[in-house]
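Here is a short briefing on one chain. Look over the fold, then read the points below.

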Amino acid sequence: MKKINLFLLTGIVFLSSCVVKKIKVYEENQAIKFLDETKKYTSTTRDDYVLLDLRDLNNSFAKEHFVGFINYDINNGSFEELMQKLIIANKQDTIFIIDEKGKDVIKVAEYLKKCGYKKIIIYLGGYENLRKNNSNYFTTRSGIEDCEC
């Protein structure tokens, strides 16, 4: 009987670990750690991630952004429109999210978690703080040609 209970418990733990929906949060003083984790994905041929920048398209993203991040101006759109943009992502993919000041990333991450995305990584320090710590991680660019908007 004990072997059966142990077996069942092991199975339940395994199954529950397969469906964990997790949001990993990097605080403002963890910019380098966030950039390091992002680079683990972008410096390889992996395609199981999305880089999402929630800043205003015309006033922030167009002035300067990290190459590889797609833009979704959360303050001028809806969650439904965001889901259309993320149609390219599998719900098993890792979603990295940044914004202007670290406020919008939380609500978007919570929404994506409710929609079934399994791994979401957010940075609370805002774009400017990331840019200051971005020595060799991402190139920056101006314009909106690569925003995928």
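Helix H5 (residues 104-114) lies across E1, E5 and E6, and runs at about 175 degrees to E6. Helices (H or I, at least four residues) and strands (E, at least two) are DSSP runs, numbered from the N terminus. Axes are lines fitted to C-alpha atoms, for helices over the stretch in contact, and angles run from 0 to 180 degrees between N-to-C directions. Contact means heavy atoms within 4.5 Å.

This is a predicted model, in which local features need pLDDT of at least 70, side-chain atom pairs count only at pLDDT 80 or more, and totals for chains, interfaces and linings use all residues. Residues are numbered from 1 along each chain as its sequence is written, and side-chain values use heavy atoms, with hydrogens and water left out.

**The chain as a whole**
- The chain has six helices and seven strands.
- From the N terminus on, its elements run α-β-α-β-α-β-β-α-β-α-β-α-β.
- Of the 149 residues in the chain, 42% are buried; buried means under 20% relative accessible area, exposed over 50%, partly exposed in between (1.4 Å probe, protein chains only).
- Among contacts in the chain with a separation of 6 or more, 71% are between residues 24 or more positions apart.
- The accessible surface of the chain is about 8,800 Å², and carbon and sulfur atoms hold 54% of it. Accessible areas come from the Shrake-Rupley method with a 1.4 Å probe; for residues, only the protein chains shown count as cover.

**The sheet**
- Five strands form an open sheet with parallel pairing, in the order E1-E6-E5-E2-E4. Two strands pair if DSSP finds at least two bridges between them.
- Strand E1 (22-26) and strand E4 (70-71) are at the edges, each with a single partner strand, so one side of each has no neighbour in the sheet.
- E1 and E6 pair in the parallel sense over five bridges. Tyrosine 26 has tyrosine 123 as its bridge partner in E6.
- Strand E5 (residues 94-98) runs parallel to strand E6 (residues 119-123), and four bridges join them. Phenylalanine 96 has isoleucine 121 as its bridge partner in E6.
- Four of the five residues of E6 are buried, so E6 is largely enclosed by the rest of the structure.

**Helix H6 and its partners**
- H6 lies across strand E2 (49-53), E5 and E6, and runs at about 85 degrees to E6.
- The axes of helix H2 (residues 31-42) and helix H6 (residues 126-133) come within 9 Å and cross at roughly 80 degrees.
- H2 and H6 are therefore roughly perpendicular to each other (angles under 35 degrees count as roughly parallel, over 145 as roughly antiparallel, 65 to 115 as roughly perpendicular and the rest as oblique).
- Ala31, Ile32, Phe34 and Leu35 of H2 make this contact with Asn129, Leu130 and Asn133 of H6.

**Phenylalanine 61**
- Phenylalanine 61 sits in helix H3 (residues 57-61).
- Its relative accessibility is 0%, so phenylalanine 61 counts as buried.
- Leaving out residues up to four places away in sequence, phenylalanine 61 touches Asp53, Arg55, Asp56, Phe69, Asn71, Gly143, Asp146 and Cys147.
- The C-alpha atoms of phenylalanine 61 and aspartate 73 are separated by 8.9 Å, and the two residues are twelve apart along the chain.
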